[in-house]
Amino acid sequence: MLDWDESFSMQANVTSSGPQRIALRGYVTERRPDGLYAAPLLPQLFYGADGTQLTSWRQYISGTGSQTILSRSGGQPSIPKEELYWRRVGNTVSAPVGMYSVGQRIPGSLQPLSQVTLSTGETEKGKYYELHIDTDGITDPSKAVEALIVGLRNHGVETVWASADARRINIQIAGSPMAWAALIPLVPTILSVLGIVVTLVAVYVIFGGVPGWAFGLLAIGILFLTIVPTLIKLPDRRY
């Protein structure tokens, strides 16, 4: 979800120029006197790779290499609000219920991992990754985050930072010699114990601009990874 005035940037490593269809799923939100409203994202709310406002999710990308392919800044580009399909999703103007965060987020730009890497590669020790996990709904974000931390830890994956709201979990993990093809299916398996259905998992490597002191944040992840398991326990799954 994006607030109406929130900035957004998506980077990708483009391997060939030409027409590309990059579509986002989600909602733009706005707080009004009578409550919180949300509307599905439209392409007109974003700039494309060439910096012009999109008219459809299909755009022509002329160059190759790492670049920004979708963006918006401070509510721009904008379209008439009546062109969006608004729906009231909350009765108050307070912050979204159930937002939860633990740990310290490592700064740096996010570089999406290709499907080839995710199907054949491994997480690399010494690198940090961020997973964006879209779901069909989360009734208790804190419980979902804690369950995910414990479940990943049981498979040797250390978490540095995690945050969740009613629809998405963002989590940063430290690399280890574990295949992505084995790691990614763990996410919906762990969350299914809580009745959460995962609809999409996007994986990024935290690339560039990471100061040396940031790597010390792993100690924070280890700290709450050792404390959290004493607070909760995943129920056994019998097959």
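Reply: The protein chain exposes about 12800 Å², and 54% of that comes from carbon and sulfur atoms (areas by the Shrake-Rupley method with a 1.4 Å probe; for residues, only the protein chains shown count as cover). Keep in mind that this is a predicted model, where local features need pLDDT of at least 70 and side-chain atom pairs count only at pLDDT 80 or more, while totals for chains, interfaces and linings use all residues. Residues are numbered from 1 along each chain as its sequence is written, and side-chain values use heavy atoms, leaving out hydrogens and water.

Of the chain's 239 residues, 42% count as buried (under 20% relative accessible area with a 1.4 Å probe, protein chains only; over 50% is exposed, and in between is partly exposed). The chain has five helices and 16 strands; these are DSSP runs numbered from the N terminus, with helices being H or I of at least four residues and strands E of at least two.

Let's pick out β12, residues 128-135. Seven bridges join β12 to β16 (residues 198-207), and the two run antiparallel. Along this pairing, L131 stands opposite V203 in β16.

Is D134 buried or exposed? D134 is buried, because its relative accessible area is 17%. Its side chain makes a polar contact of 2.8 Å with the side chain of R168 (a pair of N or O atoms within 3.5 Å; within protein, one must be able to donate a hydrogen and the other to accept it, and residues adjacent in sequence count only if both atoms are side-chain atoms). Setting aside neighbours within four places in sequence, D134 is in contact with R167, R168, V197, V198, T199 and L200 (contact means heavy atoms within 4.5 Å).

Last, a peek at helix α2, residues 141-153. Ten of its 13 residues are buried, so α2 is largely enclosed by the rest of the structure. Among those buried residues are P141, E146 and L152.

Technical notes. Two strands pair if DSSP finds at least two bridges between them. The expected span of a helix is 1.5 Å times one less than its number of residues.
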